[in-house]
Every structure is written in C-alpha cells, then in structure tokens.
Amino acid sequence: MTPAIFAAFWAVSILFVITPGLDWAYILSAGMRGRVVVPAVVGLLFGHLIAIAIVAAGVGTLVAGTPMALTALTLIGAAYLLWIGFSMLRHPQTPNSGEGQDCGSWLRWAGKGVCVSGLNPKVFLLFLALLPQFTDANASWSIPMQILVLGLLHLISCGLVYLAVGFGSQSVLQTRPQAARVVSRFSGAAMVIIAIGLLAEQALK
C-alpha cells in the first residue's frame, strides 16, 4: 500500500469522523460527566473495531446480503438508541452529576459505547462500502490485512476527535449547568431521531 492510498483514505475517513452524528451525541453526553469520557471513547472505538474485523474477515459481504440479519441488527440497535435517548431526555446530565463515579460506572459507559457503535448498522455498512475501495489486489499485503490497517487509521482519527469533543464539551459547559442540560437533551433527541430513522427505513422496505 502506498502513502497516497493512506492519504486518500484518511481524507475521506476524517470527513465522516468530524461530521456530528450518533457517536458525537454519545460523547457529548459523556462530556457532561468528564471522568467517563475515556471509557466512553474506548467503548465506541471497540464497537468500530468489531465492525472492521467483520468486514476484514469477509463476513461483512455475507451479512450485508442477508436481509434478515441486517433487519435484526437494525431493530436491536434502534431499540437500544431509543432507550438511551429517552433516558437522557428524562434525566439530562450536568457536569456535576459526574461526581462520585466508580469503576462500575466506567465499565457501563464503555459497554454502552460498544453497543452504540457496534449495534449501529450505519457503521457496519459504511465500513463495508468504504474500506474495500482503498485496497489493492496486487499489493504484497492480503486484502484483510489492508482493511485492518486502514481501519486502525480510522480508529486513530476517531479517538483523537472524540476525546477532543468529550473533554472540550466538559470544559465549555463546566460552569454552565443550564447549557449542559440543553446539550444533554439535544444529544438524547439526536439518538431518538436516528433510531426512528432506522425504524422508518425498515418500515419502507
């Protein structure tokens, strides 16, 4: 693989990373608590890694070609997002609500991060459509290895941006509890809207 391929992939990948979406909504909610930003980011990245590994293993094409599998993934993911979104709307978080977090809370935030990204069919389909386009059948590396390397490059970009968003939101909203509640409700509403969109897509098929 040449540096030009890495640069071209990174240019496309970073556009997806910096575009606010479901991951951003979850990171902003973690930013309200500050101390759980790192486990939340780790959870999101692990969910992305699972999707990358599935695509690299060749299972991605099989799953994408199985409507029932994609439908099940979509329904489970949408239900989970609805649960998190409505919880955030009912109980908006503020920076002060993060005091006294224990290791169990860290594990829960990491676990929720895995589910938020891992159960999002958009993430899986994005990798399935994007990663193979930047591979070279004539390269010395195998296609699965190329996909994994490109996926790791994507994960690095995600990690840096998500950490900046999480800690940045905490520092900005630390002394603005009312603004923090608004951002928390916005994040929850974003999750609910995305979940409804996923369900609507399935209903129209």
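This is a predicted model: local features need pLDDT of at least 70, side-chain atom pairs count only at pLDDT 80 or more; totals for chains, interfaces and linings use all residues.

Biologist: Is phenylalanine 46 buried, partly exposed or exposed?

Modeller: Phenylalanine 46 has its place in helix H3, and its relative accessible area is 45%. Buried would require a value under 20% and exposed a value over 50%, with partly exposed in between. Because 45% falls between those cut-offs, phenylalanine 46 is partly exposed.

Biologist: Is histidine 48 buried or exposed?

Modeller: Histidine 48 also has its place in helix H3, and, leaving aside residues up to four places away in sequence, histidine 48 touches Asp23, Ser117, Val123, Phe127, His154, Leu155 and Tyr162. Its relative accessibility is 5%, and the cut-off for buried is under 20%, so histidine 48 counts as buried.

Biologist: How many aromatic pairs does a search of the whole structure find, and how far apart in sequence are the parts that phenylalanine 9 and phenylalanine 134 tie together?

Modeller: The search finds 2 aromatic pairs. Phenylalanine 9 and phenylalanine 134 form an edge-to-face pair, with 5.4 Å from centre to centre and 75° between the planes. Phenylalanine 9 lies in helix H1, and phenylalanine 134 lies in the loop between helix H7 and helix H8, so the distance in sequence between the parts tied together is 125 residues.

Biologist: Are phenylalanine 9 and phenylalanine 134 buried or exposed?

Modeller: Phenylalanine 9 has a relative accessibility of 0%, while phenylalanine 134 has a relative accessible area of 15%. Because buried means under 20%, phenylalanine 9 counts as buried, and phenylalanine 134 is likewise buried.

Biologist: What is the geometry of the pair made by tyrosine 26 and tryptophan 109?

Modeller: The ring centres of tyrosine 26 and tryptophan 109 are 5.5 Å apart, and their planes meet at 35°. Planes under 30 degrees apart would count as stacked and those over 60 as edge-to-face, so the pair of tyrosine 26 and tryptophan 109 is tilted.

Biologist: Which residue lies over the face of tryptophan 109?

Modeller: Tryptophan 109 is buried, with a relative accessible area of 5%. At 4.4 Å from the ring centre, the residue over its face is lysine 112.

Key: Residues are numbered from 1 along each chain as its sequence is written. Side-chain values use heavy atoms; hydrogens and water are left out. Helices (H or I, at least four residues) and strands (E, at least two) are DSSP runs, numbered from the N terminus. Buried means under 20% relative accessible area, exposed over 50%, partly exposed in between (1.4 Å probe, protein chains only). Contact means heavy atoms within 4.5 Å. Rings of Phe, Tyr and Trp (its six-membered ring) pair if their centres lie within 6.5 Å; planes under 30 degrees apart count as stacked, over 60 as edge-to-face and the rest as tilted. A charge sits over a ring if NZ of Lys or CZ of Arg is within 6 Å of the ring centre and within 35 degrees of the ring normal.
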